[in-house]
Every structure is written in C-alpha cells, then in structure tokens.
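Me: I would like to go through the labels used for this structure and ask what stands behind each of them.
Reply: Go ahead, one label at a time.

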Amino acid sequence: MGIQIRKTGLQIETTLIEGGKAAAVPLKLFSAYAVVNNPWAGRGFVEDLKPEIHAGAPVLGELLTKMIIDAVGSGDAVEAYGKSAVVGLDGEIEHASALIHTLRFGNFYRQAVGAKSYLAFCNTRGPANAPIMIPLMDKNDEGRRSHYLTIQTSIPDAPAADEIVVALGASVGGRPHHRIGDRYQDLKDLGQDVANPAGV
C-alpha cells in the first residue's frame, strides 16, 4: 500500500512579547503537517523499507514544502527550518525516520529555501495528540544560536495507531531578545575549532 494522506494542517504563531518585553521584530513560526497511513503497519517486521520510502517521501516533501512556502511568502524569507515525524503506536521509530531521513524528502525543502545546513529533526512514537516537536536551526549557519528554536504542536486525532504524522517547520526571525552569543565565540574562548569543538 502506498502513502494515503488523511489530512493536512498549517499553523502560524507570532510572538509579539517575550519576557515581558516587546519584540523589536515579531518572531513568526510556521508548521505544516500531513497525517498519513503507515504503509508498514500490520505487516510484521519489514526488512526493506525502500519501496515505500521512494513512493511516499517525495510526495510528502513536495506537499509540505509548498504549504510552508505559500504561508511564508517565499523561500528566501525562511531563516530557520526543521522536520519531524511521529509514528503511531503500531509502528516503529524506524517508520517515522524512514519518511523524513531521505534526500527524497528533505531536498524539496532545502532547494526551496536555498539552504546549506542539515535539517534539524525529531522522530518519535506516540498516540493521538502526542507532542509534535520540530527543532529549527538557521538554514545556512549551524552555529547561529538565535535561531535554535522548537515548534511544539499536536493533533487531537493523530497519529492513529496505524498512522504517521510528518511535519516541516520554519521561522522568520530568531528568538526575541536573544543574548547568549554564538558557538563561534565559545570555540574562540576555548581555543577549539569548528571541526573539533570538544577538542578530542
């Protein structure tokens, strides 16, 4: 069985005040999700996941990317991005991972926003209304801490036991009043380099 989409959704959150102080520039967070059947549910242990990955991941990558870009207005406007999947209780974590940890999914989003960094990710298992956590990072600068963000949402009736929720997230802006510096200053202070941040 191929991927069947039961429903989709889009969420937009705008933060105007943080820490009791108005944001100079409001932070806008966007998330788009699709609730799909788990094509491996009920089949026992499936050794080769590739046929369903190749059939379903591009469909979801293209759909969710379009939803995000249409909501934001342009790929250039996206500053931070991420992805997530939650598999229902009859599935494996590997099933959630399968649909998002493939270039056949992520490259639609990377190309649309002109990104160089990897897509931050989360893959979990849970019942309907489980938290959907979408970690974000700057699309071109992995050390830009102002854009380390997490979108949290949930869907009251998903994932069902035999479903998977697949989601993308985006930010326009970083955390209001960010003031913890960046990892490059830490590396300089510690005398370490980007390729070996722990100095081991």
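Me: Why is Asn-37 called buried?
Reply: Asn-37 has a relative accessible area of 11%. Buried means under 20%, exposed over 50% and partly exposed in between, with a 1.4 Å probe and protein chains only, so Asn-37 is buried. The model is predicted: local features need pLDDT of at least 70, side-chain atom pairs count only at pLDDT 80 or more, and totals for chains, interfaces and linings use all residues. Residues are numbered from 1 along each chain as its sequence is written, and side-chain values use heavy atoms, with hydrogens and water left out.

Me: Where does Asn-37 lie, and what does its side chain reach?
Reply: Asn-37 lies in strand 2; helices (H or I, at least four residues) and strands (E, at least two) are DSSP runs numbered from the N terminus. The side chain of Asn-37 reaches the backbone nitrogen of Gln-4 at 2.4 Å.

Me: What makes Arg-43 partly exposed?
Reply: Its relative accessibility is 42%, so Arg-43 counts as partly exposed. Arg-43 is in the loop between strand 2 (21-37) and helix 1.

Me: How do you know that the side chains of Arg-43 and Glu-52 make a polar contact?
Reply: They are joined at 3.0 Å. A polar contact is a pair of N or O atoms within 3.5 Å; within protein, one must be able to donate a hydrogen and the other to accept it, and residues adjacent in sequence count only if both atoms are side-chain atoms.

Me: Which residues of helix 3 are buried, and why are they said to line one face?
Reply: In helix 3 (residues 103-113) the buried residues are Phe-105, Gly-106, Tyr-109, Arg-110 and Val-113. Seen down the helix axis they fall within an arc of 115 degrees, so they line one face of helix 3. The arc is that of the directions from the helix axis to the C-beta atoms. On the other side of helix 3, Leu-103 and Gln-111 are exposed.

Me: What covers the buried residues of helix 3?
Reply: The cover includes helix 1 (50-72), strand 3 (80-87), helix 2 (93-100) and strand 7 (163-172), where contact means heavy atoms within 4.5 Å.

Me: Why does Arg-110 count as buried?
Reply: Arg-110 has 18% relative accessibility, so it counts as buried. Not counting residues up to four places away in sequence, Arg-110 touches Tyr-81, Lys-83, Leu-103, Ala-115, Ser-117 and Leu-119. Its side chain also makes a polar contact of 3.0 Å with the side chain of Asn-107.

Me: What makes helix 1 roughly parallel to helix 3?
Reply: The axes of helix 1 and helix 3 cross at roughly 25 degrees and come within 7 Å. That makes helix 1 roughly parallel to helix 3, because angles under 35 degrees count as roughly parallel, over 145 as roughly antiparallel, 65 to 115 as roughly perpendicular and the rest as oblique. Axes are lines fitted to C-alpha atoms, for helices over the stretch in contact, and angles run from 0 to 180 degrees between N-to-C directions.

Me: Which residues of helix 1 and helix 3 meet?
Reply: Among them are His-54, Leu-64 and Ile-68 in helix 1, and Phe-105, Tyr-109 and Val-113 in helix 3.

Me: What makes Asn-129 partly exposed, and what is its phi?
Reply: Asn-129 has a relative accessible area of 42%, so it is partly exposed. Its phi is positive, about 75 degrees, although Asn-129 is not a glycine.
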